[in-house]
Amino acid sequence: MYQPLPPITEDLDTLDERLRHERDPKRKPRLHLLVLLKSGQVTSRGQAAAHLALHRNTVSVWLRRYRDGG
């Protein structure tokens with residue numbers, strides 16, 4: 001079932017700043033995903049997964065957690 005991409009509530013400058021200063025290797029790709037979506041560099045889960053070299057299901061799980069407030 002198709003789920004639309006969640007709206008990214010943070011502004012791009014804030015996300016860029018957090019990405020530059022993040023040192024946790026688990027959080028960095030998740031922030032990068034948000035930056036890619038907010039900046040319009042990718043428009044789908046598949047594109048994001050290919051760009052980040054991840055499986056699209058991983059990207060879907062991350063976006064679901066983001067949508068749910070995680």
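**Figure 1. Packing of helix 2 against helix 4 in the predicted model.** In this predicted model, helix 2 and helix 4 pack at an angle of about 80°, and their axes lie 11 Å apart. The two helices are therefore roughly perpendicular to each other, as angles from 65 to 115 degrees count as such. On the side of helix 2, the residues that meet helix 4 are Pro 29, Arg 30, Leu 33, Leu 34 and Leu 37. Their partners in helix 4 are Val 59, Trp 62, Leu 63, Arg 65 and Tyr 66.

**Figure 2. Helix 2 and its buried residues.** Buried positions in helix 2 are Leu 31, Leu 33, Leu 34, Val 35, Leu 36 and Leu 37. The cover over these buried residues includes helix 1 (12-21), helix 3 and helix 4. Gly 40 follows helix 2 and has a positive phi, near 85°.

**Figure 3. Surroundings of Leu 37.** Leu 37 belongs to helix 2 and is one of the residues of that helix that meet helix 4. With a relative accessibility of 14%, Leu 37 counts as buried, because the cut-off for this class is under 20%. When residues up to four places away in sequence are not counted, Leu 37 touches Leu 5, Ile 8, Val 42 and Leu 63. The C-alpha atoms of Leu 37 and Tyr 2 are separated by 17 Å, and the two residues are 35 residues apart along the chain.

Figure 4. Helix 4 spans residues 56-67. Its 12 residues reach 16 Å from the first C-alpha to the last, close to the 16 Å expected at 1.5 Å a residue. Gly 69 follows helix 4, and the phi of Gly 69 is positive, near 100°.

Figure 5. Ser 60 is located in helix 4. Its relative accessible area is 18%, and Ser 60 is therefore buried, since the class requires a value under 20%. The side chain of Ser 60 is joined to that of Arg 45 by a polar contact of 3.4 Å. Gly 46 lies 9.3 Å from Ser 60, C-alpha to C-alpha, and these two residues are 14 residues apart in sequence.

**Figure 6. Arg 67 in helix 4.** Arg 67 is placed in helix 4 and, at 44% relative accessibility, counts as partly exposed. This class applies because the value falls between the limits of 20% for buried and 50% for exposed. Not counting residues up to four places away in sequence, Arg 67 touches Gln 3 and Pro 6. Arg 67 and Leu 5 are 62 residues apart in sequence, with a C-alpha to C-alpha distance of 8.8 Å.

Figure 7. Ala 53 lies in the loop between helix 3 and helix 4. With a relative accessible area of 70%, Ala 53 is exposed. The phi of Ala 53 is near 60°, a positive value in a residue other than glycine. Asp 13, by contrast, is found in helix 1. Asp 13 has a relative accessible area of 60% and is exposed. Asp 13 and Leu 52 are 20 Å apart in space, C-alpha to C-alpha, and 39 residues apart in sequence.

Technical notes:
Residues numbered from 1 in each chain as written. Heavy atoms only, no water. Helix = DSSP H or I, 4+ residues; strand = E, 2+ residues; numbered from the N terminus. Buried < 20%, exposed > 50% of the residue type's maximum accessible area, 1.4 Å probe, protein only. Polar contact = N/O pair within 3.5 Å; in protein donor to acceptor, adjacent residues only side chain to side chain. Expected span 1.5 Å × (residues − 1). Axes fitted to C-alpha atoms, helices over the stretch in contact; angles between N-to-C directions. Parallel < 35°, antiparallel > 145°, perpendicular 65-115°, else oblique. Contact = heavy atoms within 4.5 Å.
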